[in-house]
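Please keep the structure in view while reading.

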2 protein chains.
Amino acid sequence: MSDKRKAVFIVMDGVGDRPIPKLGGKTPLQAAKTPVFDRLAKEGQNALMNVIGPGITPGSDTAHLALFGYNPLEDYPGRGPLETLGTGLESKPGDVAFRTNFATLDKDMTVLDRRAGRVFTREEQDILQSKIDGLEIDGVQIQFLATVEHRGAMILRGEGLFAEISDVDPHETGVKIWECKPLKPEAKKTADVINKMMVEINKRLRDLDVNKEREKRGLPAANAILIRGPGRHSEIQTLKDKYGISSAVIAGGALYIGTAKYVGMVHEPVEGQTGTIDTNFHNIAMKTIECIEGDYDYVFVHIKATDNASHDHNAEEKILAIERSDEMVGKIIDTVGSKIVIAVTGDHTTPVSTGDHSCDPVPIVFWSEFIRPDRAEKFSEIDAAIGGLHTIRGLDVMPLLLGYAGHIEKFGA
Amino acid sequence: MSDKRKAVFIVMDGVGDRPIPKLGGKTPLQAAKTPVFDRLAKEGQNALMNVIGPGITPGSDTAHLALFGYNPLEDYPGRGPLETLGTGLESKPGDVAFRTNFATLDKDMTVLDRRAGRVFTREEQDILQSKIDGLEIDGVQIQFLATVEHRGAMILRGEGLFAEISDVDPHETGVKIWECKPLKPEAKKTADVINKMMVEINKRLRDLDVNKEREKRGLPAANAILIRGPGRHSEIQTLKDKYGISSAVIAGGALYIGTAKYVGMVHEPVEGQTGTIDTNFHNIAMKTIECIEGDYDYVFVHIKATDNASHDHNAEEKILAIERSDEMVGKIIDTVGSKIVIAVTGDHTTPVSTGDHSCDPVPIVFWSEFIRPDRAEKFSEIDAAIGGLHTIRGLDVMPLLLGYAGHIEKFGA
């Protein structure tokens, strides 16, 4: 292929919306001032995208897998491994990973508080973490990381582990924790390890000074963990294996970082990148440019602020997040526009009116200097409907982006 | 089916393009004067077509298989059998076919010239061919045809032959030819035959008078052949088997003729048909009309000039090739328009700017007297985006064309 370019993939989380009466029936994308996105739409190829399929409301994790070119119906390992990878715990194929809560149990293992009061200092987290991380049960190594508040991530590593196990968390207080049971015969060993682990962790945590001090301050003791979202890190082809490309992720949220790492992207941290409107859009633009100028063939940039505003039913903040993203992409285009093929989209629709993910398709635009225009003049859910690419699926994005960028070999002679 | 019509399928090779600055940002299809194609677009059904799939750059062979209704991921036999069939060597299921070069070897089988000087007279070719064609090794019959310059085509016919064999051509001079090795156990016999064949052909050619005379004229002796692109002619359903139709191919290039014959089309030669702008468009129109008036249900017409102009970065010649094709189709419509359903398209995009195949979709129009119109007014990559068929795949073309023409039976009652 004569003309290779860098592929840049911008996702504004939950950016799709529905007409909002107080915006005169416009969607936030229509109401926002987006000169850069509109230029891309006017000069490039637009589509509406069913990220998973028509009528299917995507989760963030399955949506991103699809957008990275992986069929979530085949390659979705569950949320555990994806989010765990994003916390910095480096799971490997064969590991079972999940998310955890610190919790408070009575002496007979009755759940008193499913989040152990939520409030933790980093010092408390470090001490508790040190008592769990490194534990070994029946030859299975346990890695543990306390993350935010009562939350944490955990990996089990060993032979013959499976994620098909039942819950230990009864999801209510005043009830004993449940026994973990295998949901298929091969998972018996995993369930046994979990049950022994629940007891062992309780034994290690219950008499700690840190818990006595928490109780003095009126906080519940963190004398146990509860686990959720188990998933097995599968053997999958990385983006390098599939397409021969080196790839980077620029994101704030653990789930997005983790999903990207799961398919082989390298996380490039950005100072000041958060999941809110206060994220540092300028630094994200600069880091994206640095990655494009460097050795990466593909750079994925995730903006969470649009989704957070949607969940908060805050149309104004969603518009602001869109406008700041527009400015951010403008900086990228102005600096490295001649070297890239870029796609801008969302991972799903989150209507401000409902605050929840919905099945409505999202607009997507593909732009490069050489690309054919179509009749769309603006970037929005409504305008994208006359785009030249018509309706695409999330799974089509990676081939289109890498195809335009010259990273997919000709099929045949 | 009440109203059967003849199906006519016109492919302008590599006709798709991208906006060209010196054409005022138009593509060659937009810049060309195409009153006939525009009439078809205005009166017919238009689409953009991903010949293989979104983002995938098609080869000419895989593209044509898809356009004939065969999934190239399942039915692609490699270039050897397709091109070989186009030369006139009639391979059959089970044969292994490949392309060849005459080459010059030293006494110890060191490669001195991979093309034996390129220049050959027909007389030389005939003599060399007669020494190779008809050879039999270990019960395997060898058919050989010298084609253009140093090039040729070869078929191995016998029990248990497979194409999974390694190269003999080291792709450089000053190096001995490589031993052919099986790439899967079943291919051992094939590799053994190839190795014996290399020696036997060298023995038969090296002392020929024709080679002594070549050396006197300062040309390298053609004392060996090198082989490439092995493929096994598979058992596939012909168009007759699949659809019950009789079909013809009108094409100049061996690859297109061969791919069409592979699926069961009969080659109808045309005087003056070549792969360049000098091809006889009038004769092609006349032969197409003759085939339509005759017993064929389906006629495939391939114009190569558009692709050659693209590879030469020659926008003006591409426009000229398009305009002459337009005139050619006009003659067909004027004469037999009431008897046909016609589709006009390309097999892939070859931008004049890059001179290489690219992944951009191509426009396609389906026309017949009875067909519904859509909103497209002109035939181009940009206008087709508002076509009533939206986006289709190459595999959809044959069912659409034969469906409109009344050659596909109702499914159900």
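Why do the copies meet through different surfaces? In this predicted model, only 4% of the interface residues of chain A are also interface residues in chain B, so the copies meet through different surfaces.

The geometry of the arrangement can be considered next. Two copies of a chain are related by a rotation about an axis and a shift along it. Here, chain A is superposed on chain B by a rotation of 119 degrees with 0.3 Å of shift along the axis, and the RMSD is 0.3 Å. That is the relation of a three-fold axis. Within chain A, A:His390 has the C-alpha nearest this axis, at 3.8 Å from it.

The contact between the two chains involves 23 residues of chain A and 30 residues of chain B. On the side of chain A that touches chain B, helix 14 (residues 394-404) of chain A gives the most, with 6 residues. By class, this side of chain A comprises 12 nonpolar, 5 polar and 6 charged residues.

Attention now turns to a contact inside chain A. Helix 3 (residues 60-67) of chain A packs against helix 10 (residues 254-262) of chain A at an angle of about 35 degrees, and their axes are 10 Å apart. The crossing of these two helices of chain A is right-handed. From helix 3 of chain A, A:Ser60, A:Asp61, A:His64 and A:Leu65 take part, meeting A:Leu255, A:Tyr256 and A:Thr259 of helix 10 of chain A. The residues of this contact between helix 3 and helix 10 of chain A divide into 3 nonpolar, 3 polar and 1 charged.

Definitions and conventions. Residues numbered from 1 in each chain as written. Chains lettered and ligands numbered in written order. Predicted model: local features only at pLDDT ≥ 70, side-chain atom pairs only at ≥ 80, totals over all residues. Least-squares fit on C-alpha atoms with pLDDT ≥ 70 in both. Contact = placed C-beta atoms within 7 Å. Helix = DSSP H or I, 4+ residues; strand = E, 2+ residues; numbered from the N terminus. Nonpolar A, V, L, I, M, F, W, Y, C, P; charged D, E, K, R; others polar. Axes fitted to C-alpha atoms, helices over the stretch in contact; angles between N-to-C directions. Left-handed = near helix turned anticlockwise from the far one by under 90°.
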